[in-house]
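I opened this structure to look up a few local features. My notes are below the display.

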Amino acid sequence: QVQLVESGGGLVQAGGSLRLSCAASGFTFTSYAMGWFRQAPGKEREFVAVISMSGGARYYTDSVKGRFTISRDNAKNTVYLQMNSLKPEATAVYYCAATRANSGSWNIAGAYDYWGQGTQVTVSS
C-alpha cells in the first residue's frame, strides 16, 4: 500500500522555524520527484517546492524562496521541508506528494500520483 506519512507540523510564532518530514513507502521512491503543496481555507491548493529524483534540482514558489529548503534522503525514503522565517501567510495544511511527470508540470497538483494526509502549520502573529 502506498503511504506518505507527514510529521512536524504545528503552531509557531512569526519568524520561527519548522521542519516537515514525509516518510514514503509502497512505491519506488527514487523514481519520483517529490513535492510539497499547501492549502489555506478558501484557497486553491498551492505549489510550494519540489525536488528531483536524485535531489539535484529544486524549485520553489517565489513567496518562499530563500526561506524554505526542500531536501530528500533516498536511503530513508523521506523528503523534508525546512521552513525558516515563517510568516502568517504560510498558515495552511501542507501536503507531501509524488510525481513522475516532467519538470514543466511540477507546480501542478494534478501531475502528482500520490499524496500524504496533510499536516497543519499555523503561524501566529
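The entries cover aromatic rings, charges over rings, one serine and a pocket.

Entry 1, aromatic pairs. I noted that the model is predicted. I searched the whole structure for aromatic pairs and got 10. One of them is F37 with F47, an edge-to-face pair with 5.7 Å between centres and 75° between the planes. F37 is in strand β4 (residues 33-39) and F47 in strand β5 (residues 46-51), so this pair ties together parts 10 residues apart in sequence. I looked up burial for both: F37 is buried at 0% relative accessible area, and F47 counts as buried at 12%.

I then took Y95 and W115, which are also edge-to-face, at 6.4 Å centre to centre and 80° between the planes. Y95 belongs to strand β9 (residues 92-99) and W115 to strand β10 (residues 114-115), so the parts tied together are 20 residues apart in sequence. Y95 counts as buried at 14%, whereas W115 is partly exposed at 27%. I find F37, F47, Y95, Y112 and W115 in one aromatic cluster.

The charged end of R45 sits over the ring of W115, 4.8 Å from its centre. For R100, I find the charged end over the ring of Y32, 5.8 Å from its centre.

I placed S21 in strand β3 (residues 18-25). Is S21 buried or exposed? Its relative accessibility is 16%, so S21 counts as buried because the cut-off is under 20%. Leaving out residues up to four places away in sequence, S21 touches V5, E6, S7, W36, T78, V79 and Y80.

The largest pocket holds about 200 Å³ of space. Its lining has 13 residues, with R38, K43, E46, E89 and A90 nearest the centre. By class I noted 7 charged, 3 polar and 3 nonpolar residues in that lining.

Technical notes. Residues numbered from 1 in each chain as written. Predicted model: local features only at pLDDT ≥ 70, side-chain atom pairs only at ≥ 80, totals over all residues. Heavy atoms only, no water. Helix = DSSP H or I, 4+ residues; strand = E, 2+ residues; numbered from the N terminus. Buried < 20%, exposed > 50% of the residue type's maximum accessible area, 1.4 Å probe, protein only. Contact = heavy atoms within 4.5 Å. 1 Å grid on protein atoms, 1.4 Å probe; cavity = no way out; pocket = protein on both sides within 12 Å on 5 of 7 lines; lining within 4 Å. Points joined across faces, edges and corners; volume = space filled by probe spheres on them. Nonpolar A, V, L, I, M, F, W, Y, C, P; charged D, E, K, R; others polar. Phe/Tyr/Trp six-rings, centres within 6.5 Å; stacked < 30°, edge-to-face > 60°. Lys NZ or Arg CZ within 6 Å of the ring centre and 35° of its normal.
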